[in-house]
Amino acid sequence: MIYTLTLNPSIDYIVQLERFHVGELNRTVNETKFPGGKGINVSRVLNQFGTNSKALGFVGGFTGTYVEQFLQNEQIDTDFVQVEEDTRINIKLKTGKESEINANGPKIAEHHFILLKEKIHQLGPEDLLVLAGSIPATLPATTYEELVLICRECGANFVVDAEGELLKKVLPYEPFLIKPNHHELGELFETTISSVEEVIPYGKKLIEMGAKNVIVSLADKGAVLINENTSLMAKVPKGEVKNSVGAGDSMVAGFLAAYKKTLNIEEAFRYSVAAGSATAFSLGLCTKERVEELLPQVKLKELF
C-alpha cells in the first residue's frame with residue numbers, strides 16, 4: 001500500500017473576480033473548493049491511475065470533515081488523526097493575477113503526534129510512505145526525521161517531497177525518491193541552477209548523500225532523473241501552462257503509479273514527466289487520459 005502524509009491539509013477556496021476593489025463589496029465570477037495539501041494531491045493523482053493509497057495526516061472540525069468526505073467520495077481511503085481545532089481554509093484570489101491567503105492551521109498536540117507515529121509503526125516492507133510539504137509550527141522540526149526513522153525500523157520505503165533542511169536531514173535515511181525542482185536544488189547547495197548540465201553534479205551528490213532516485217524538474221527545459229545506475233533527461237511536452245499548483249505532486253504520483261505496475265525506472269520517469277505536464281496544462285489536477293495523451297511526447301535521452 002502507498003500511504004500519503006499531509007501534516008497541514010487545507011480546503012483551498014478559489015475565488016475568481018473581474019477585479020478586486022479594496023474596502024468595497026466584491027462579487028465572484030466563479031468559485032470552487034477542494035482539499036489541498038501535497039500528500040492529498042499525490043493520493044488524488046494516484047487514484048486517477050487506479051493505484052490505491054491511504055491518506056494520513058491531521059484534520060479537525062467541519063473543514064476536516066469536508067476533506068475526509070471529499071476524498072472518500074473519490075474512493076480514496078483515509079486514516080487521519082482528529083484534532084480539536086478546524087482544518088485551515090486557504091484562499092486563492094484570481095483577478096488576472098493570483099493572490100493567496102494561507103492560514104496557519106490547527107495546533108497539533110503531542111498526543112496527536114504520538115497517534116500518527118503509531119499509525120506509521122503499522123507499515124511493513126511492502127508499504128511506502130510519501131511525506132510531502134511543510135511541517136506545522138506546533139510540531140517539532142525533527143518531525144520528518146522521526147517518521148522516516150520509523151519507516152526504516154518497519155522496513156517500509158519512503159518518498160520525501162520537501163525543501164531545504166527538511167530534505168537534507170532525511171537523506172541519510174535513504175529515501176526511495178526525492179523530487180526537488182532546479183530552484184530548490186540550487187538552494188540546497190547555495191548556487192543557481194538553470195540547465196540540465198548544471199543539474200548532474202548536484203543530483204549525483206544527492207545520491208551520494210543517500211537518495212536512491214532523484215528527479216529534478218526544470219519547467220519547460222525538461223527534467224532529469226539520476227540514480228546509481230543511470231542519468232536520464234526527459235524532453236517535456238509542449239502546451240499552455242495554466243496551473244503550476246500540484247504539478248510536482250503529480251510527478252511524484254505518476255512515478256509511483258507506473259513503477260508499482262512495471263518496476264521499470266525509465267517508464268516511471270516518463271509517466272512522472274507526463275503527469276506533471278498534464279497538471280500544468282490543466283486548471284486542476286491531471287487525468288489519466290490527459291497523461292496518456294501526452295506520454296508519446298516525453299522522449300528520454302541518456303546523459304553521461
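**Reading the features**

Modeller: Let us begin with accessibility: Glu 267 counts as partly exposed because its relative accessibility is 25%, and partly exposed denotes values between under 20% for buried and over 50% for exposed. Please note that this is a predicted model.

Colleague: With which residue does the side chain of Glu 267 meet in a salt bridge?

Modeller: A salt bridge requires a side-chain nitrogen of Lys or Arg within 4 Å of a carboxyl oxygen of Asp or Glu. Here the partner of Glu 267 is Arg 270, at 3.1 Å from N to O. Both residues belong to helix H9 (residues 265-280) and are three residues apart, about one turn of the helix.

Colleague: Which parts does the salt bridge between Lys 38 and Asp 249 tie together?

Modeller: Those two side chains meet at 2.8 Å, N to O. Lys 38 lies in helix H1 (residues 38-48) and Asp 249 in helix H8, so the bridge ties together parts 211 residues apart in sequence. Lys 38 is partly exposed at 28% relative accessibility, whereas Asp 249 is buried at 3%. Together with Asp 161, they are linked in a network of salt bridges.

Colleague: Which residues form the nonpolar patch on the surface?

Modeller: The patch consists of Phe 62, Ile 89, Ile 91 and Ile 101, with about 380 Å² of accessible area together. Phe 62, found in helix H2 (residues 61-73), is exposed, with a relative accessible area of 60%.

Colleague: What is the volume of the second largest pocket?

Modeller: Its volume is about 270 Å³. The lining comprises eight nonpolar, one polar and three charged residues, and helix H8 (residues 247-262) supplies the largest share, three residues.

Key
Residues are numbered from 1 along each chain as its sequence is written. This is a predicted model: local features need pLDDT of at least 70, side-chain atom pairs count only at pLDDT 80 or more; totals for chains, interfaces and linings use all residues. Side-chain values use heavy atoms; hydrogens and water are left out. Patches are made of residues with over 30% relative accessible area and no salt bridge: like charges are joined within 9 Å, nonpolar side chains (Val, Leu, Ile, Met, Phe, Trp, Tyr) within 5 Å. Accessible areas come from the Shrake-Rupley method with a 1.4 Å probe; for residues, only the protein chains shown count as cover. Helices (H or I, at least four residues) and strands (E, at least two) are DSSP runs, numbered from the N terminus. Buried means under 20% relative accessible area, exposed over 50%, partly exposed in between (1.4 Å probe, protein chains only). On a 1 Å grid over the protein atoms alone, a cavity is a set of points where a 1.4 Å probe fits but cannot get out, and a pocket is an open set with protein on both sides within 12 Å along at least five of seven lines; lining residues have an atom within 4 Å of a point. Grid points are joined across faces, edges and corners, and a volume is the space filled by probe spheres set on the points. Ala, Val, Leu, Ile, Met, Phe, Trp, Tyr, Cys and Pro count as nonpolar, Asp, Glu, Lys and Arg as charged, and the others, Gly among them, as polar.
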